Amino acid sequence: MKSEKIVVTGGAGMIGSVLCERLSKQGHQVVCIDNLSHSSCDVFKDKPECPSIQLIRHDMNTPIDIQADRIYALAAPTSREEVRNRPADTMRSLFQCTLNALELARRNHAPLLYVSSYEVYGTSRLARQPEDYFGNVDTFGLRAASEEGKRTSEALCNSYARQYGTDVKVARIFNTYGENALPDDGRVIPRFIVNAIRGGDMAIYGNGEQTRSFCYVEDIVDGLIRFMALRREETFNPINFGQSHEISIRALAEKIRLLTGSSSKIISLPTSGGESRYRCPDITKARELLGWQPQTSLDDGLHRCIETMRQRLAQKKESNAYCSAWMEVL
């Protein structure tokens, strides 16, 4: 395999960090760009098998000029609180990060894979969402900033492909989990695991009967790499990536409580609305075009995450000496 210089924006996040490691192990020179606002460079600590990862601390809301053979665009605001409390900033950032990544791809004549999400489907009326479902989005809803921000970013990708001929692929990923999630990540699986380990209450919203599908991060990364390798003439945008097996949020909480041996209470809080009853991808296109489907069971993935989180919570907070010595700040 030819060694390439591959840029990953949002590369220190839960998905991006695993992607950087995998690409580095394949022999590529990887440039991880991240502002570290919701991630940590500690995910790369003690990784002697990944010597070719360069970390650049940079906010993709600001343009960057760097040579690249391929670009994975993952930089985006992800926290629930940010989406709800700072919606204007969320929409602006989703658009600006995507625009700057596309400009980088255009200048380098490089293919770009944009990591979109299930958000484009909004409050889905379908139990399983195929790529040709146009969604059900309330532009005045609490999640409108994230949903419309992702939809706008996808439209921007398509616009660059049509106007400039940029080779753009759009991956729509569904709920993803993995060991690199930080304790304060805020997403449901790390939140449940942390609370269960600490013995705190495990809060669900509403009755907890809403269903979600959870895909292990290594499987998602495998799909992204396969998609990027697809020849342009074979690409049919977009493609869903996620687990096709569903579980209710209440059942998930009960499973994590059992796997951690916790005595935590599962409590119900009022829902603020805007949440989809279903969130499960139709992955037929990924299977047929890429030969891809998830390989990791939920139980196996949760066992790995729980063990890693126990170790992380038991460690003392580390200084930033490692990060400061390793990163290049632009």
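How are helix 1 and helix 6 oriented to each other?

## Basis and confidence

This is a predicted model, in which local features need pLDDT of at least 70 and side-chain atom pairs count only at pLDDT 80 or more, while totals for chains, interfaces and linings use all residues. Residues are numbered from 1 along each chain as its sequence is written, and side-chain values use heavy atoms, with hydrogens and water left out.

The protein chain has a mean pLDDT (the predictor's confidence in each residue, from 0 to 100) of 90, and 92% of its residues reach 70 or more. Over residues 318–322, however, pLDDT stays under 50, and the model has six contacts (heavy atoms within 4.5 Å) beyond four places in sequence for this stretch. Where pLDDT is low, the predicted coordinates should not be read in detail.

## Helix 1 against helix 6

Helix 1 (residues 14–25) packs with helix 6 (residues 217–229) at an angle of about 60 degrees, the axes being 9 Å apart; the two helices are therefore oblique to each other.

The contact is made by residues including Val18, Leu19 and Arg22 of helix 1 and Glu218, Val221 and Asp222 of helix 6.

## Aromatic pairs

The whole structure holds seven aromatic pairs (Phe, Tyr or Trp rings, the six-membered one for Trp, with centres within 6.5 Å; stacked under 30 degrees between planes, edge-to-face over 60, the rest tilted). One of them, tyrosine 118 with phenylalanine 174, is tilted, at 5.9 Å centre to centre and 45 degrees between the planes.

How values were computed
Axes are lines fitted to C-alpha atoms, for helices over the stretch in contact, and angles run from 0 to 180 degrees between N-to-C directions. Helices (H or I, at least four residues) and strands (E, at least two) are DSSP runs, numbered from the N terminus. Angles under 35 degrees count as roughly parallel, over 145 as roughly antiparallel, 65 to 115 as roughly perpendicular and the rest as oblique.
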